[in-house]
Amino acid sequence: MQSNLYPSSRVRSCFSWNPHIPSPKIAIGNNLNSSINFQEQRLSKNICSFSWIPDKPHIPKPKTDIPNKPKTSITPPAVTKSLETSLNFGEEKLNNKQEIPNVPYYLPILVRNSDNLCRYIWDGNDLKLVPVDGNAFTLSDFYCNFEDTVQKLVRICVLAIRNFFLPRKVSSNYLEYVKWKFVHRVSSSALQVFATQAMLRAIGIGNSRSFQSAAALNWVLKDGLGRLSRCIYTASLASSFDTNLKRVRFYTSVLFSLSIGVELLTPVFPQYFLMLASIANIAKQISLACYLATGTAVHRSFAIADNLGEVSAKEQIQTVCFDNLGLALAAALNILFANNPSLQAGLPYVVYPILLVLDLFGIYQGLKHVHLQTLTKDRLEIIISTWIQQGFVPSPAEVSKREGIGLSWSRGRKPWSISIGYVNPKPCTAKLSATTMESLTNEDFYFLSPESLTSESKRNQEYDVLLSLREGAGTTDVIRGILHASYVRKDIEDCGSSSVVLEQWFNLVEDGMRLTEQNMSLLYEQMLSLGWACKNILLSKQEQAHYIWKSPEAMLNQRARTFFV
């Protein structure tokens, strides 16, 4: 019979049944698909039971012993055999692939943590995370390459110390600040040790004639007076901690160093112990109040990722470690001169000038590396003057360099400088101020007027530009007012004498307003892009004085009510 599997084939094949053969075999035609021709040798072993007569027709014998089954249930054996062969060949290829060694594949993903840099690797079976910065090593590395292993150990130790002392994300100037803080804290801690020794010697600790109750009473009294003075100082200068942070902190640090010198005088004048110790403790408490009040602002200037808590925590760790080093330095100096009591008694007076200079120099240099992003009137003047003269907004680092710390509580006021406050009535500027206030509307949140700086008896009068802010003025109003005043001051420099300025005052104000409206938005955008905190403007207590505007109708109604009452 003709095969149904290959209807296009005209080759005739006949079957013969043998009871010793478990299943019939089909003779395969010559035109079989090329996908199974490569297994011809294996198939030839199973075709031995076929009778193949290509020239003579052959009639098969009747197969009476084979049970009748539905045709649909018979699966062509040749197809099954070809599938088995294909599966066997696939298994052989898979086994051959597994025998090939797997090459690690570096995935394009890296992980950076506080300690090292790692990369993912796929070796065919597992996903691994291995370091790529050379900080990992094993014990076998000691024998293979000892020098490289020591370098890795040093690198790991430096990394561990850095992560212990320094925050992860801080500004670039933080490390310089910590270096100078180290000089300051070590020197200050050593000075405090010598001062404490001097005070204990003054009250008689270690002397058989000392009266313990009197010593304790004096100690408690000087602490109580110091804390009371600390409260009074903090309440009186609260706003200065924001507007004059660096200046106040430096001067209180000088006060702290001088207080240690007063404590060193207590053994020389033991009868004035309570007075000297109280004065010294008052100065110390004032310095401590300033240190705590300004610490948050200093830490925030370094916390570029808003990690203020981490920066504050690391600052405490640094303070404790640096203070312990200063204590160890003082203890080592005392041990060095322990065999000579006279030299040991005079040691504090010898090292005090040296440590005092190191202490104040460390504070001064450390504050120079504090770049505050908050806005005050002085910083706004520096920013806006640079913007008008050079055409760009300076960064916080540039403003900090120009701002400095200051060596006096009140800087000298230049002619036509900008001030914020309320109008002080004086005959020379009364008419201009009254005219300016009369022209105000509900849309105005500030006004500019000249203010006399000298007494009326002087021939050469000096003036400045006074900016008066309205109640409810926002941050943009303050910036706009200072920008307006800066343009007016620039035009004043071209006028010459003060009399000409007063005559042309309203024209100068109008020209300045026009330039302010043109450049205000661009100035504000550049300040935001450089990281300036434009949300609030920090003003001193005097600068916080605002005026309240009332409409003419409200004034008439108030006068009418007053008249009828």
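Predicted model: local features only at pLDDT ≥ 70, side-chain atom pairs only at ≥ 80, totals over all residues.
Residues are numbered from 1 along each chain as its sequence is written, and side-chain values use heavy atoms, with hydrogens and water left out. Local features need pLDDT of at least 70 and side-chain atom pairs count only at pLDDT 80 or more, while totals for chains, interfaces and linings use all residues.

**Confidence**

The average pLDDT (the predictor's confidence in each residue, from 0 to 100) is 75, and 68% of the residues score at least 70.

| Stretch | pLDDT | Contacts in the model |
|---|---|---|
| Residues 61-84 | under 50 | 11, beyond four places in sequence |
| Residues 206-210 | below 50 | two, beyond near neighbours in sequence |

Contact means heavy atoms within 4.5 Å.

**Nonpolar cores**

A nonpolar core is a set of buried Ala, Val, Leu, Ile, Met, Phe, Trp, Tyr and Cys residues joined through side-chain atoms within 4.5 Å. Buried means under 20% relative accessible area, exposed over 50% and partly exposed in between (1.4 Å probe, protein chains only). The largest core has 39 residues, of which Trp505 and Met527 touch the most other members. Elements giving two or more residues to this core include helix H12 (377-390), strand E7 (463-470), helix H15 (475-495) and helix H17 (505-529); helices (H or I, at least four residues) and strands (E, at least two) are DSSP runs, numbered from the N terminus. H15 supplies the largest share, eight residues. Another core, of 15 residues, lies apart from it and includes Ala198, Leu264, Tyr352 and Leu355.

**Aromatic contacts**

The whole structure holds 11 aromatic pairs, meaning rings of Phe, Tyr and Trp (its six-membered ring) with centres within 6.5 Å; planes under 30 degrees apart count as stacked, over 60 as edge-to-face and the rest as tilted. Trp416 and Trp505 are stacked, because their ring centres are 6.4 Å apart and their planes lie at 25 degrees. Trp416 is in the loop between helix H13 (396-403) and E5 and Trp505 is in H17, so this pair ties together parts 89 residues apart in sequence. Both Trp416 and Trp505 are buried. Elsewhere, Tyr174, Tyr177 and Phe302 form one aromatic cluster.

**Helix H13**

Pro396, Val399, Ser400 and Glu403 are buried in H13. Viewed down the helix axis, the buried residues fall within an arc of 100 degrees (taken from the directions from the axis to the C-beta atoms), so they line one face of H13. These residues pack against helix H8 (245-264), helix H11 (341-368) and H12. Lys401 and Arg402, on the other side of H13, are exposed. Gly404 follows H13 and has a positive phi, near 70 degrees.
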